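Here are my notes on this structure, for a reader who has not seen it before. Please go through them with the model open.

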Amino acid sequence: MFVAVYFATVTFVVSTTYKDATRRLRDQIVRQPETRWYVAFFTPSVVYVGLALALPVVDQVATHLTLVTTGFAGALVVLSFGRIWITLFVSLEPTSVFPSIQRDLNLWVHRAYRLGRRNNPSPTAVLRANQKIREKLATLDDLVTLILDREYERASDRGIAASFDPRIRTALEHLRLTWETYARRKHMLSGLPGWNPSRTQAKDWFLASYSEVDIAVATGTTLAGSQVVDDLWFERWIAALVERLLSGRDLLSVQRAVDGLMPLSRALGGRGQFDELRLWMTATTFSPMNAVSEYAGQRGPLETPPTAGDAQRSYMSRSKHFALPGEASSHNLVDFVLLEMLNTCLGYTDYFARMQSELMDAGAVIANSKSQLVAGRLVLEIARNAREALATETALESERVTPDSTLAQLMARGLATETLDELQQLLAYLETELWPWVLEVGGSNSWAAGAALSRATEVAAKLEVMLEFARRLLDDCETAHREKDDRWPDTATTDILRRARSLRDQLELPVARLATTVDSTPDSDRPDHFGWAYHRAHENVLRRLLADEPSEPEALRQQVLLLYWAGDLATQRLSSTVRRNDQRLINSYIAEPYLRFLQLCGIALVLSEVTQTPDLFRPFESAWTALLTSATRSTALLGRAAATLFADTGLFALTPGGVSRSSIEIRAHQKLEELGVSHDLFDFGGFGATEGGRPASVSDEAKRLLRTVRSSNYEGMFYAHWLRPTAIAAGATVPTDAERYLSRLDLDGDIEEDEDDD
């Protein structure tokens with residue numbers, strides 16, 4: 001009775017929720033673990049209870065066992081109906097079938113994995129496991145189709161683009177988990193005989209044989225595809241399901257679907273599954289990128305801020321933009337896409353670091369056929385071929401003749417080739433696909449611009465770290481290269497580094513523009529894009545100065561001018577957000593943005609004089625020329641500079657901003673030491689710099705500037721030796737009241753006179 005009631009419940013569920021499902025999916029419902037449990041447990045229990053209750057029929061005396069069995073039967077009835085109730089309501093939800101399919105997939109994948117650990121796995125067992133996995137993948141496909149069909153019915157005339165079914169997110173999470181589970185064991189499964197099927201691959205007309213091309217041209221046909229082993233058949237199946245779930249949706253629908261989906265790219269890259277990584281990135285990021293691009297196109301480009309004026313107003317109001325329905329969704333989707341790319345760089349870094357350590361024992365790893373090597377496809381193929389050759393060698397020679405150094409060189413060559421190929425493909429994707437999209441979104445009139453530029457900057461930083469690990473791995477591969485007659489790839493990465501830095505440089509001007517247009521008002525519920533953009537723009541200009549990296553003069557001039565206007569916005573923000581305290585301390589906080597700008601200009605002036613390269617300071621000079629346009633404005637700017645210097649008197653390196661400027665000053669001092677400038681010229685403490693050790697290339701003007709740096713830092717030096725004379729020449733009135741408190745500044749050349757007297 002219990003089994004009959006249970007299967008009646010299953011029949012009801014299948015005939016309602018799964019009435020349009022395929023036979024495979026219905027069989028999966030009937031064969032759930034609950035069904036097997038009922039058959040294995042309840043059926044013997046019911047038979048046993050029936051026999052116990054039939055004892056009086058055969059003239060047997062009823063015992064206490066009858067009462068016990070009757071009570072047990074009643075408990076089974078209660079439990080049975082409770083289980084039926086749970087199964088009824090759980091099975092009405094199609095996503096409840098995902099765990100059952102995953103359980104079966106994991107079972108057969110694990111069986112195949114155990115077969116791979118045997119020396120001679122049975123081809124029949126391998127084929128059976130492969131077929132079972134394909135059947136479960138087909139069942140998974142049917143379940144995704146059922147979920148999408150139900151969403152189509154519910155969306156009706158609104159269309160799938162405007163709808164969202166929470167089952168889509170659940171389906172994506174289960175598909176990701178299925179992919180990850182298979183990826184953990186793929187290095188063993190791919191070597192099983194007959195595991196990977198063949199597929200037709202289109203031929204390249206420029207690389208195919210000439211005779212085949214001539215025949216195709218003469219007959220007006222196309223090149224016949226070639227049959228290749230498909231190592232990605234499992235991943236292609238899952239990727240196709242992911243693309244089906246995400247395609248055809250609008251911005252909000254895509255964002256809800258991928259919300260909370262954990263990145264998989266780092267795990268794939270760390271195992272050397274690079275083709276699988278690219279397939280995952282394509283399947284999961286194409287629809288989000290397309291949706292954000294459409295939204296950015298609707299919002300239009302970001303308005304260019306003015307380059308002159310008394311104050312810079314905000315063009316991108318938080319309240320204005322976040323009232324739009326797509327702002328939060330576009331912001332989150334940009335985060336999702338670039339976090340996947342960020343994890344991709346981290347995955348490559350993990351792989352390069354791990355292979356660098358394994359390369360030391362590469363010969364022993366290859367020689368030991370029982371050791372499991374988790375690496376890229378090329379390295380695994382080389383290791384597999386080398387092990388087959390060693391087995392043949394051992395069979396013929398009764399011992400292994402090939403030394404470990406030769407095996408290590410073989411693996412090093414494969415690693416070097418694989419590393420260079422992957423770096424080229426990754427940079428090609430960044431240059432042609434991701435970075436144009438980042439610049440498009442980063443230049444749009446949307447809050448997603450801040451997310452795009454900030455995450456892309458983080459990606460560029462992680463890319464440089466990844467290239468450092470790749471360089472170390474390539475150096476170790478060169479160390480293992482002992483037979484110089486062996487064909488070896490060119491391991492130079494100069495061009496790759498140049499391309500990576502070009503990606504970083506392309507973000508500098510958009511970041512500076514963002515700092516002058518985004519709303520500067522802080523909001524704890526949203527990322528502080530203004531604060532990030534301001535500090536990033538400042539660091540970009542400082543890095544240009546200290547690293548001697550060439551830059552477009554006009555682009556650098558724009559960055560400097562935009563940084564000045566961003567400092568105005570930062571000052572306004574600090575005026576309203578700094579907690580009430582001692583007025584002098586408040587003034588020191590408010591003065592920090594302007595002091596940082598003056599310090600940056602001072603560093604540029606000193607370096608241009610020390611290195612005798614006027615082009616280094618010319619963008620700053622041009623920016624100030626655009627600011628000092630009249631006597632009134634020059635007077636205001638000069639007075640502001642004097643007031644900010646006075647606000648910093650006695651508080652340098654004591655406030656948070658002062659600590660930051662102190663660290664910048666240390667970096668500038670280190671740069672001067674690298675240029676060969678005597679430390680006594682610009683360090684604190686006294687004016688008696690010795691003549692010994694001074695480079696002859698340092699001009700008298702540079703020495704005068706460096707002495708002022710020693711007494712009043714870079715910002716004070718810039719005010720005294722460049723800004724003050726230039727503003728006075730433009731008609732400014734000297735702020736004598738403020739300058740009375742600036743006793744450390746060399747306003748009249750006193751320091752130079754004292755030095756000459758000495």
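1. Start with helix α19, residues 494-505. Arg498 and Asp495 both sit in this helix, three residues apart, about one turn of the helix. Their side chains meet in a salt bridge at 2.5 Å, N to O. A salt bridge here is a side-chain nitrogen of Lys or Arg within 4 Å of a carboxyl oxygen of Asp or Glu. Asp495 is partly exposed, because its relative accessible area is 38%. The cut-offs are under 20% for buried and over 50% for exposed, with partly exposed in between (1.4 Å probe, protein chains only).

2. A word on the source. This is a predicted model, in which local features need pLDDT of at least 70 and side-chain atom pairs count only at pLDDT 80 or more, while totals for chains, interfaces and linings use all residues. Residues are numbered from 1 along each chain as its sequence is written, and side-chain values use heavy atoms, with hydrogens and water left out.

3. Now the chain as a whole. It has 30 helices and two strands. These are DSSP runs numbered from the N terminus: helices are H or I with at least four residues, strands are E with at least two. Of the 758 residues, 49% are buried. The chain exposes about 35500 Å², and carbon and sulfur atoms supply 55% of that. Accessible areas come from the Shrake-Rupley method with a 1.4 Å probe; for residues, only the protein chains shown count as cover.

4. For a separate example by C-alpha distance, look at Thr726 and Leu628. They are 98 residues apart along the chain, and their C-alpha atoms are separated by 8.6 Å. Thr726 lies in helix α28, residues 700-729. At 27% relative accessibility, Thr726 is partly exposed.

5. Asp231 lies in the loop between β2 (226-229) and α9 (233-246) and Arg377 in helix α16 (residues 377-397), so the pair ties together parts 146 residues apart in sequence. Asp231 is buried, at 14% relative accessible area. Arg377 is partly exposed, at 41%.

6. Arg377 also meets Asp275 in a salt bridge, at 3.2 Å, N to O. This pair links distant parts of the chain: Asp275 is in helix α12 (residues 274-299), Arg377 in helix α16, 102 residues apart. Asp275 is partly exposed, at 27% relative accessibility.

7. The whole structure holds 39 salt bridges.

8. Two surface patches deserve a look. Patch residues have over 30% relative accessible area and no salt bridge; like charges are joined within 9 Å, nonpolar side chains (Val, Leu, Ile, Met, Phe, Trp, Tyr) within 5 Å. Trp205, Phe206, Leu207 and Val217 make a nonpolar patch of about 540 Å². Trp205 lies in the loop between β1 (198-201) and α8 (210-219). It is partly exposed, at 37% relative accessibility.

9. A positive patch is formed by Arg111, Arg114, Arg118 and Arg128. Lys and Arg count as positive and Asp and Glu as negative; His and the chain ends are not counted. A charge is placed at NZ of Lys, CZ of Arg, CG of Asp or CD of Glu. Arg114 lies in helix α5, residues 98-116. At 47% relative accessibility, Arg114 is partly exposed.
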